[in-house]
Amino acid sequence: MLIGRDDDLELIRRFIDGARTSGGALLLSGEAGVGKTELLDAAAAHAHAADMRLVRAAGVEFESTVSYAGLHQILHPLLGALEELNAPYRSALSVALGLEHGAPPRQLIVSNAVSALLAHAGAARPLLVIVDDLPWLDRASAVVMGLVARRLGAGAGSGGSSSGSHVGFLGAYRSDDGSFFDRGGVTTHHLSPLDPAAAEELVKDRFPALTPRVRTRLLSEAQGNPLALLELPIALAGTPRANPAIPDVLPLGRRLQTLFAARIEALPPTTRLLLLCAVLDGTGDLHTLQAATGTTGIEDLAHAERAGLVHVDDTTGRLAFRHPLTRSAVVELSTSDQRRRIHRALAEHTADRPERRAWQLAQATVDPDEHVAALLEQTAHAVLRRGDANGAIAALLRAADLSPRGHERSRRTAEAAYLGADLTGDLRDVPKLLEDARRADGGRTGPLVAAVAAAHHLLLSGEGDLDTAHRLLTGAIDMQHQPYDATDTTMIDALYTLAWVCHGAGRPELWKPLHRAVALLTPRVPDRLALTLATIADPARTAPTALGLLDETIATLDRETDPVRIIRTAMAAVYVDRLADCRTALRRILRDGRDTSAVTLELQGLVFLSRDCFAAGEWDQLDEQTEQGRRLSAAHSYQLLTTDYLYQRALVAAARGDAATTQTLTDEMTLWAAPRRVGSALCGAHHAQALAALGQGRYEEAYRHATAVSPAGELASHVPTALFLVMDLVEAAIRTGRQTEAAAHVTAAREAGIAAVSARLTMTVEASAALTARAPQAGELFRRALSTPAADRWPFDRARVQLAYGEHLRRTRATTEARTHLADAHDTFQRLGARPWAARAAAELRATGQTAGHADTTGPATLTPQQREIAHLAAAGLTNKQIGERLHLSPRTVSSHLHQLFPKLGITSRAALRDALAKATRHTPDDNATVKP
């Protein structure tokens with residue numbers, strides 16, 4: 001009977017009963033000693049009574065650096081069913097658990113395999129998985145089981161046949177330690193200390209002989225903590241009951257550790273040695289303990305069992321501590337020499353498990369030892385292949401500590417810094433680690449991996465110093481032996497990072513050292529690196545030849561498990577309009593990134609998805625994603641990536657006519673990017689400002705911003721953003737009387753062959769050519785643009801082409817056809833919330849004698865449609881020149897129309913226009929009314 005836990009027990013029973021039919025996940029949290037393990041025991045009893053299969057495990061503090069050790073413990077009773085899984089899952093799980101060798105699986109594949117194995121077990125008989133001490137699971141196991149638990153939690157009560165059916169997960173952790181699992185997605189129930197009445201009932205029930213005074217003092221000290229209520233009286237046995245000696249100066253957690261220490265000190269030395277061996281081994285395997293200590297261990301084990309410190313699990317035959325604080329106390333009471341001897345003994349008995357042996361040797365070693373350091377480095381690479389970046393960093397840093405030679409210590413420290421910057425996204429320790437690496441190598445520049453780590457830090461951090469990053473990387477690459485090894489992952493990472501630097505800078509001269517280095521790779525340039533260089537460096541000239549290989553690579557992304565390869569493929573897709581085909585893989589990175597803390601990858605995935613959302617017209621979703629990315633970037637001081645989110649939000653604000661927001665966002669981009677010469681961000685700011693100016697009819701301003709990205713008549717070298725501004729520049733040039741410049745820009749686009757890059761560029765290049773052509777050629781070019789296959793994947797761009805075609809048709813008096821295209825454009829702009837563009841389309845519709853929605857509500861019947869439009873624009877304060885630019889009329893023609901319409905309205909000046917139009921009778925004109933061009 002658990003006193004004071006009726007409500008908690010009822011909640012757990014309901015959870016187990018629900019898990020039997022539809023699965024589910026529940027976490028128990030609470031302070032040390034609050035009774036989590038007792039509730040797990042009660043849950044196990046209830047599950048057993050309900051005829052559920054039970055699997056129990058617990059995190060082990062000194063096993064937390066051994067990747068997948070916890071997962072092996074959890075799944076060990078179920079491994080007999082491994083053969084029932086499909087081959088990919090069986091292989092992934094076998095490799096992760098060290099049962100066989102093979103290609104290293106990604107954590108998502110391992111998670112899927114675990115889900116499948118649990119589902120298989122649950123299908124035969126409802127299954128409950130109980131895991132205690134979650135914070136002490138190794139990182140890799142925590143990531144995998146975290147994903148599994150979230151899926152079980154999401155599937156609970158769904159009634160479907162998800163992987164969570166008939167499988168329940170119940171875990172527990174100390175609230176002061178936190179847990180990887182405690183990140184949303186799994187219901188958590190917090191266990192509070194017992195209330196005063198329940199605490200007193202518990203003490204009276206278990207220790208009825210205590211005097212009232214002792215019991216009162218005990219209740220005051222324990223503060224409702226069940227473990228303290230039960231353990232303190234044991235410690236008090238043998239002291240005068242009227243005066244319990246409970247220290248006042250120690251907090252509750254420390255008092256409990258002291259109690260455990262006292263119980264351990266009373267054990268024989270050989271028993272304490274056995275317990276120390278059990279703690280440092282972490283597996284609880286009795287054969288290993290006996291071999292390492294050189295004794296049978298039976299009598300020693302009996303002493304510990306009688307003291308209530310340990311027990312042997314009947315199902316697994318393994319030694320288990322009854323409370324985690326016991327392990328801490330055992331270690332505290334040992335000497336460093338004792339711990340080293342035990343570690344060495346354990347290393348001798350784990351020769352068949354290289355990773356565990358490496359860590360045992362590392363713990364046993366005090367002085368630098370290259371052999372042990374090399375073993376740890378091998379361990380780091382092994383766990384990294386399994387997706388455990390944090391485990392790899394821990395192993396590398398310990399290897400660096402044990403490295404006798406400075407350059408090896410420097411290299412290993414720098415590699416840990418690189419993993420921290422590139423994979424985990426934790427930049428806080430990178431500068432210190434890099435400085436440690438530099439000092440370890442006698443103050444020299446350090447190895448290539450140090451340059452890569454430093455460049456990532458400079459790129460991602462608020463410093464944004466691209467020029468320094470470029471010098472670091474090119475200098476470090478030049479120092480490597482030539483020709484460069486194309487299979488050297490550090491070299492390839494360095495070249496990718498250098499490409500990122502060059503792209504951010506947007507200056508052609510920075511690309512030359514990179515192209516030189518790539519030419520020296522042997523035996524061949526990796527495909528993805530070649531694709532990246534072809535599509536982000538100077539796509540106007542180099543992308544077309546790479547598109548076939550890129551399309552083949554993108555087609556494999558749904559089967560790709562390496563998030564770095566996915567991100568690099570998406571990078572190659574940005575400027576050739578293929579991000580839509582990368583969506584599924586990118587979303588998978590976002591989902592997995594939240595569970596694996598792969599912050600950098602998650603941020604880059606958000607960048608690419610937000611770019612695709614703008615192109616696809618999913619602007620509300622873009623706002624959500626960029627805000628999420630902005631917050632995450634701000635939390636990690638990733639200013640360079642923040643500018644990309646600002647860029648996408650500025651484009652939406654510009655298209656929707658929010659001039660103030662556009663200005664604020666582009667100012668923020670420019671203020672940060674200009675002093676750092678971050679050309680890509682500056683081009684993005686000009687792009688957004690050009691789009692805003694076009695929508696508002698400020699064509700001179702639009703031309704100035706568009707040509708700041710790329711001059712009229714050429715596609716600027718190594719400025720990929722120029723591809724997206726071809727139509728913007730041509731339209732702004734036409735509207736400002738620069739027909740020659742407009743035609744030259746169309747010629748440059750055609751000669752570069754960018755129409756072959758994507759359907760969107762085909763459409764915009766043909767439309768740009770139409771803007772510069774005369775009828776009937778212009779009409780044919782517009783029709784060709786709008787008939788581009790899949791052009792509707794870019795709704796905003798297509799609507800702009802429809803608007804331009806509708807304007808052309810109205811001027812050539814093809815009124816009926818003009819209305820069709822203008823109405824379609826208006827509807828798209830309205831749906832997107834692109835208000836200034838919708839207003840332009842509506843104005844053109846009114847000039848044809850029809851309004852959006854087919855009901856004209858402007859002007860008196862005596863005015864022609866064109867006169868009504870001129871009147872409204874003049875009333876809004878536009879000059880004759882501005883009205884002419886809007887309606888493709890000369891200022892003189894506008895003036896003539898105004899002089900004709902003034903008498904019709906009974907006014908003599910512009911100042912009276914607004915009131916006259918407001919008082920005018922509503923009139924629906926005949927669709928066949930004559931409209932002057």
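Student: What percentage of the 933 residues in the chain do buried residues make up, and which residues of helix H22 and helix H23 make the contact between them?

Tutor: Buried residues, those under 20% relative accessible area with a 1.4 Å probe and protein chains only (exposed is over 50%, partly exposed in between), make up 56% of the 933 residues in the chain. The model is predicted, so local features need pLDDT of at least 70 and side-chain atom pairs pLDDT 80 or more, while totals for chains, interfaces and linings use all residues. Residues are numbered from 1 along each chain as its sequence is written, and side-chain values use heavy atoms, without hydrogens or water.

The chain holds 46 helices and 9 strands (DSSP runs numbered from the N terminus, at least four residues of H or I for a helix and at least two of E for a strand). Of the contacts (heavy atoms within 4.5 Å) between residues at least 6 apart in sequence, 69% join residues at least 24 apart.

The part you ask about is formed by H22, residues 466-478, and H23, residues 489-505, whose axes come within 10 Å and cross at roughly 150 degrees. That angle makes H22 roughly antiparallel to H23 (over 145 degrees; under 35 is roughly parallel, 65 to 115 roughly perpendicular, the rest oblique). Axes are lines fitted to C-alpha atoms over the stretch in contact, with angles from 0 to 180 degrees between N-to-C directions. On the H22 side, the contact is made by Leu 466, Ala 469, His 470, Leu 473, Thr 474 and Ile 477. H23 brings Met 491, Ala 494, Leu 495, Thr 497, Leu 498, Val 501, Cys 502, Gly 504 and Ala 505 to that contact. By class, these residues comprise 11 nonpolar, 4 polar and no charged ones (Ala, Val, Leu, Ile, Met, Phe, Trp, Tyr, Cys and Pro are nonpolar, Asp, Glu, Lys and Arg charged, and the others, including Gly, polar).

A second pair can be set beside this one. Helix H25 (residues 527-537) packs with helix H27 (residues 547-554) at an angle of about 125 degrees, their axes being 10 Å apart, and that makes H25 oblique to H27. Here Asp 527, Arg 528, Leu 531 and Thr 535 of H25 meet Leu 549, Leu 550 and Thr 553 of H27, a contact that divides into 3 nonpolar, 2 polar and 2 charged residues.

Elsewhere, helix H35 (residues 699-709) has Tyr 699, Ala 702, Tyr 703, His 705, Ala 706 and Val 709 as its buried residues, and what covers them includes helices H34, H36, H37, H42 and H44.

Leu 301, in helix H13 (residues 298-306), counts as buried at 12% relative accessibility, and beyond its neighbours within four places in sequence it is in contact with Leu 274, Leu 286, Val 310, Val 312 and Leu 319. Leu 227 lies in helix H9 (residues 226-236) and counts as buried at 13%; its C-alpha atom is separated by 4.5 Å from that of Gly 33, 194 residues apart along the chain. Ser 758, in the loop between H37 and helix H38, counts as buried at 8% relative accessibility, and, with neighbours within four places in sequence left aside, Ser 758 is in contact with Val 576, Asp 577 and Arg 578.
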